[in-house]
Amino acid sequence: MFQVKSLNKSFQGKTIIKDMNLDVADNEILSIVGPSGAGKTTLLRCITGLEKADSGKFFLDGEEIDPTDDSKSVIGVVFQDFGLFPNLTVIENIILAPQLVLKKSKEEALKEAQELIDKLDLTGKETLYPYQLSGGQKQRVAIVRTLAMHPKIICYDEPTSALDPKLSEEVGKIILDLKKQNITQLVVTHDVAFANQVADKVKEVKPFKEEG
Amino acid sequence: MQYILEILPSLFSGVVTTLEIFALTIVLSIPLGILVSLALTGKNIIKAIFEFYVWIMRGTPLLLQLIFIFYGLPIIGIVFPRFEAAVIAFVLNYAAYFAEIFRGGFQSIPKNQFESAKMLRLTRWQTLRKIVIPQVFKIVLPSIGNEVINLVKDSSLVYVIGIGDLLQAGNIATARDVTLVPLILVAVFYLILTAVLTLVLRKIEQRFDYWR
Ligand SMILES: Nc1ncnc2c1ncn2[C@@H]1O[C@H](COP(=O)(O)OP(=O)(O)OP(=O)(O)O)[C@@H](O)[C@H]1O
Ligand SMILES: [Mg+2]
């Protein structure tokens, strides 16, 4: 169970998120929809600790967590632009953090990575560099890279914006499949069909309007 | 021909001195430049101090800096031997140029690289070493190459503090024997040095062509 309680966030005095609450059960997929500028990305950035919330609390299974403390973060994210490291191959992108952060041996990291690679249909792409991949392949590499860190929660920002409908559906399947692994997922999307495909729950966010 | 063979040894020993200054400057000023560039992207007082340093180094002639360190500083009791004075002046000067180049390189790394690294819980140092520095290196390589070529030619400035470099060797021979031959040979030596370096730099650039 992941909870956000009375989250507030403003930029230069301009309120973006006001008193937001979220409840997402284990294995649940919450999709976050809303017009451009509503603060969806900002919400994800607060949850992932990339942006410091003005106030508000985050709970995982009833225990308060601090997303900005990355020493024990359990939240993974797949960025809209993937954020792959261009100087590293697919496999290096994936095993970098498991080796350096989780202190896995190279063999162990490689073995785990290979399983994920095969599962997400990236077999044979291991030694390619990101520039040699299609958008959909980059997307899946980004997902594998996040999964390799064993997050409890994964956030996606517009995961289908770079994909055609067929690939969107593929990514949808991957996300649905991850439900079985006890992973809570938050998906920001504009794509209504995609939201319908994956979401257990939909949260609508609207741009906050100052009163008076 | 006989004459050329006669003066070659003194020119060669000049070349050795030139190369010594060149190599020491490169080996010391590039790492120093990287450190300074990191300080330049830092905050407040540290940043201000190093901006001042870069401003002085880039805003005044290298020749003046050389004279200042060798002839000027002894007046206030700071004495360096010739060769050390030359190396100090070159390293300080070139580190400032390299720092500016690296600062530009660091700034051109997309923010998502840092954010991806943060979400994968890489430390600042791991992020720099595995992701940022390799990318910066590739970006700055052509500009570094230009400076390296400049340095070969700039090294002739040590002449003014009485170091027996290539140029001095040639000049002495010309003055003594009243012939243009030594100066032409000096030019040929410089051309060979810069041509070789250009070639080496091109090879290095090609070697880093495996990703985009
Ligand atoms: N770093 C920032 N500094 C100032 N204002 C910001 C910053 N980041 C976002 N904003 C503002 O916050 C508001 C919400 O932005 P956000 O990116 O969260 O919207 P969004 O819902 O993700 O929109 P889109 O659907 O277009 O991606 C916008 O008005 C934006 O200008
Ligand atoms: Mg957005």
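A: Residues 24 or more positions apart supply 76% of those contacts in chain B that have a separation of 6 or more, a contact being heavy atoms within 4.5 Å. The model is predicted, and local features need pLDDT of at least 70, side-chain atom pairs count only at pLDDT 80 or more, while totals for chains, interfaces and linings use all residues. Residues are numbered from 1 along each chain as written, chains are lettered from A and ligands numbered from 1 in the order written, and side-chain values use heavy atoms, leaving out hydrogens and water.

Chain B has eight helices and zero strands; helices here are DSSP runs of H or I with at least four residues, and strands are E runs of at least two, numbered from the N terminus. Of its 212 residues, 43% count as buried, meaning under 20% relative accessible area with a 1.4 Å probe and protein chains only (exposed is over 50%, partly exposed in between).

The largest nonpolar core has 43 residues, among which L11(B) and F90(B) touch the most other members. Such a core is a set of buried Ala, Val, Leu, Ile, Met, Phe, Trp, Tyr and Cys residues joined through side-chain atoms within 4.5 Å. The elements of chain B that give it two or more residues include α1 (2–40), α4 (82–107) and α6 (124–154). Leaving aside residues up to four places away in sequence, F90(B) touches, among others, I21(B), L62(B), L66(B), L151(B) and V158(B). A second, separate core of 32 residues includes F82(A) and V141(A).
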